[in-house]
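Work through the two exercises below with the model open. Each solution goes step by step.

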Amino acid sequence: MSVIRPEPLTAAAFAPFGDVLEPSGDFRLINNGLCRRHHDRAKLDFGADGRAGISIFDAEPRAMPYVFDLIERHPDGSQAFLPMTQHPFLVIVAPDPQAEPRAFLTNGAQGINLHRGTWHGVLTPLHAPGLFAVIDRIGPTPNLEEYRYTQPWMVVAP
């Protein structure tokens with residue numbers, strides 16, 4: 001079994017796969033100066049026949065070492081995960097099924113937006129509750145492709 005060590009989730013490292021959603025960088029003050037708006041943080045992409053939908057996911061927490069053999073992608077739209085608690089979660093991505101996957105560990109105050117077609121692991125919270133608001137494509141065509149590795153991968157604690 002091949003082993004992966006997660007790296008911290010940073011905008012630069014994650015850029016080939018999607019956007020990091022966090023309150024950093026430029027902002028403008030709104031609400032009478034009591035709120036910082038970090039504007040337009042992700043490229044949401046729902047394709048020609050899709051629309052944005054917001055769902056709530058309630059995922060079972062996992063523990064490290066974490067073993068996986070399944071990745072998936074959504075060819076017709078982006079997919080954003082916004083944690084509804086302040087706990088780190090694991091993000092697994094790969095350029096394609098033949099490439100070595102990468103694992104990222106959020107800091108507990110970050111969400112992600114996966115670009116359309118990005119191969120990724122399943123939602124992997126590390127603490128309960130695993131509540132996430134998910135913004136993704138709702139549409140009439142299938143939007144899920146899965147790939148199973150012949151040998152599993154293991155993500156170990158950093």
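**Exercise 1: the largest pocket**

The lining of the largest pocket splits into 11 nonpolar residues, six polar and one charged. Here Ala, Val, Leu, Ile, Met, Phe, Trp, Tyr, Cys and Pro count as nonpolar, Asp, Glu, Lys and Arg as charged, and the others, Gly among them, as polar. The model is predicted: local features need pLDDT of at least 70, side-chain atom pairs count only at pLDDT 80 or more, and totals for chains, interfaces and linings use all residues. Residues are numbered from 1 along each chain as its sequence is written, and side-chain values use heavy atoms, with hydrogens and water left out.

Task: find the volume of the largest pocket and the residues nearest its centre.

Step 1. The volume is about 170 Å³.

Step 2. The lining has 18 residues; Phe81, His120, Gly121, Val122 and Leu123 lie nearest the centre.

Step 3. Strands E8 (79-83), E9 (89-94) and E11 (111-114) each give two or more residues to this lining. E9 gives the most, with four. Strands are DSSP runs (E, at least two residues), numbered from the N terminus.

**Exercise 2: the largest cavity**

Task: state how many cavities of 30 Å³ or more the whole structure holds, and describe the lining of the largest cavity.

Step 1. The search finds one.

Step 2. By class, the lining has eight nonpolar residues, four polar and no charged.

**Terms**

On a 1 Å grid over the protein atoms alone, a cavity is a set of points where a 1.4 Å probe fits but cannot get out; a pocket is an open set with protein on both sides within 12 Å along at least five of seven lines; lining residues have an atom within 4 Å of a point. Points are joined across faces, edges and corners, and a volume is the space filled by probe spheres set on them.
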